[in-house]
Amino acid sequence: QVQLVESGGGLVQAGGSLRLSCAQSGRTLRYAMGWFRQAPGKEREFVAAISWSGGSTSYAGSVEGRFTISKDNAKNTVYLQMNSLKPEDTAIYYCAAGSWGTSDGMYDYWGQGTQVTVSS
């Protein structure tokens, strides 16, 4: 089993920054890691992914250039640095572990989510 715990969410003004963290424990296989988000009344959507080695990353078009995914394998932690935040970035952000991809079906393990609210 893999346990994922997100942290770092909160309330921020438009244009501000937040850094989300996702700590992984349990089985430490070589999973790709992803961040997804779900806004009220909307389906969960892909935000960013990073390969186990960290050598490959992928971003949704809506966040590319503003968000950066990174990881520290020694700490079993993945980060999502979010800059130039917009009100439309408001959502619950989920960390996931699994196979490389942009579809949530590619990921086997999920965290409980952390709320990000961006005020205008």
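Asp89 is buried, with a relative accessible area of 1% (buried means under 20%, exposed over 50%, partly exposed in between, with a 1.4 Å probe and protein chains only). This is a predicted model, in which local features need pLDDT of at least 70 and side-chain atom pairs count only at pLDDT 80 or more, while totals for chains, interfaces and linings use all residues. Residues are numbered from 1 along each chain as its sequence is written, and side-chain values use heavy atoms, leaving out hydrogens and water.

**Exercise 1.** Find where Asp89 sits and which residue its side chain meets in a salt bridge.

*Solution.* 
- Step 1: Look in the loop between strand 8 (77-82) and strand 9 (91-98) to find Asp89 (strands are DSSP runs of E, at least two residues, numbered from the N terminus).
- Step 2: The side chain of Asp89 meets that of Arg66 in a salt bridge, 2.8 Å from N to O (a side-chain nitrogen of Lys or Arg within 4 Å of a carboxyl oxygen of Asp or Glu).
- Step 3: This pair links distant parts of the chain, 23 residues apart, with Arg66 in the loop between strand 6 (57-59) and strand 7 (67-72).
- Step 4: Arg66 is buried too, at 11%.

**Exercise 2.** Work out how accessible Arg37 and Glu45 are, and which network they belong to.

*Solution.* 
- Step 1: Arg37 forms a salt bridge with Glu45, their closest N and O atoms being 2.6 Å apart.
- Step 2: Arg37 is buried at 5% relative accessibility, whereas Glu45 is partly exposed at 36%.
- Step 3: Salt bridges with shared partners join Arg37, Glu45, Arg66 and Asp89 into one network.

How values were computed. Helices (H or I, at least four residues) and strands (E, at least two) are DSSP runs, numbered from the N terminus.
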